[in-house]
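Hi,

Here is the structure I promised to pass on. Have a look at it first, then read my notes below.

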Amino acid sequence: MRKEGLLLAGTVTKGKTARKILSPFDGAVVAEVAQAEGEQLRLALEAAKDARTSIASLPPHRRAAILENAAARVQQEREFLAQLLVEEAGKPLALARIEADRCVETLLESARVARSAQARLLDLSGFPSGEGRWGLLRRVPVGVVVGITPFNFPLNLVAHKMAPAVAAGCPIILKPASQTPSPALHLGRILVEAGLPPEAISVLPCAGDAVQQLLEAPEVRLLTFTGSAAVGWNLKKQCWDKRVTLELGGNAAVIVEKDAGDPEVIAHRIALGAFAFAGQSCISVQRVLVAKELYQTMREALVAAAERFPTGNPTDSQVLCGPMISAYDAQRIVDWIESARTRGATLLTRFRREGSVVWPALLENVPHDHPLWCEEAFAPVAVLEPFEDFAEAIAKVNDSRFGLQCGVFTRDWGKIQQAWEGIEVGAVIANDIPSWRTDPMPYGGVKQSGFGREGPAWAFEEMTELRLLVLTKPPGA
């Protein structure tokens, strides 16, 4: 069993208490992780406040070098970090390795952003009041950042908080998810060893209510949160005098038009988007809308893809659908499926559950006011429904309080443009699943799915603010 300390101002520190981390797959104790309490949170705040000048004064090339060094270390420790994801998140090993690789990309892209920050020269003489004056505009760090991350991507989503903060010159205090703290602790350690001033980073596993101490501190200028919509919007209300970035939930839809292409290939992609990592992703495919002309063929292909989807022990390199994060969540989705069936829904796949592992489920005829349609399932389940025309499909996608991403399979550029203009989401993914993401892109949602955008270049803007210097000749010159 691993024992992990806090990372307090860049230094590994013991806590007064510790939390046992249990494997989502078999319940074995995999780690014992120190928990931060009031005094340690206060010390982290003081260190971050003191670090504002030291990290802000680092020239961009040094911030970039720190991130590049860290990327090389993550690459070296890929297998160890992937194993942490398997142990604490129950993430299948193949997907855990992909997450470690994505973390490298996030760090490298943040380094590129650090190196490419530029000032703008403005000619202010457009009006008589500005005659003879020029403006020089630059971005400066906002100050102390607090990041809060979820269990499902406990390495790469942590990198999406830490790395842009380093690029922007901001100290960061990060609270990782209680179930998956170790990847964040190790990434923080890697950044310090890569050259980051130690006082500029703290990683503090702690109780949820302890975070309030951080958010009430006046020196904290930005909260970046990834997690549930209910928690995120409540935090935004509390942080009325701070900058806030929210990446929240979704119930992503995919539209399959009659001219989409090979049904088996598309079904394979949709199954991957719906069932990989037990559907525990904000952009997991949850609603599948298929043109009526293709519906029966696609229905058969999707059922076959779901039935053969590799499910089970996450340590098996062939498995893609492992356990849900807890037995409670496994039971929750079982209850949702049974509830939908009592209201007329049809389960198209063979139902099976063992402990926290729920085998992929595909349903049709799900009422639109049922949670499987209108809430975030966060589970290996998808609902299938036909549509008459493309406008109807768009309306069904928009029939949601969420709006993160949507996939559209069609060869008709006009319909792709129609989707881009009419679907209320942060991104439309043409001819692929909504679960697709590359880390440099602007990522985030509309409606209840979020506020602001992630991706290193976009997070850099959130973590910096504009400062203007007005230039004019000295009097009498």
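Below is what turned up, starting with how to read the model.

This is a predicted model, where local features need pLDDT of at least 70, side-chain atom pairs count only at pLDDT 80 or more, and totals for chains, interfaces and linings use all residues. Numbering runs from 1 along each chain as its sequence is written, and side-chain values use heavy atoms, with hydrogens and water left out.

Let's start on the surface. L121, W134, L136, L469 and L471 make up a nonpolar patch there, with about 460 Å² of accessible area together. Strands β7 (134-141) and β25 (464-471) are the elements that give it two or more residues. (Patch members have over 30% relative accessible area and no salt bridge, and nonpolar side chains such as Leu and Trp are joined within 5 Å; a salt bridge is a side-chain nitrogen of Lys or Arg within 4 Å of a carboxyl oxygen of Asp or Glu; areas come from the Shrake-Rupley method with a 1.4 Å probe. Strands are DSSP runs of E, at least two residues, and helices are runs of H or I, at least four.)

L136 lies in β7 and counts as partly exposed because its relative accessibility is 34%. (Buried is under 20%, exposed over 50%, partly exposed in between.)

E109 touches P440 and P456, leaving aside residues up to four places away in sequence; contact means heavy atoms within 4.5 Å.

Lastly, A9 isn't a glycine, yet its phi is positive, near 50°. A9 sits in the loop between β2 (6-8) and β3 (11-13).

Cheers

Definitions and conventions. Patch = residues over 30% accessible without salt bridge, like charges linked within 9 Å, V, L, I, M, F, W, Y side chains within 5 Å. Buried < 20%, exposed > 50% of the residue type's maximum accessible area, 1.4 Å probe, protein only.
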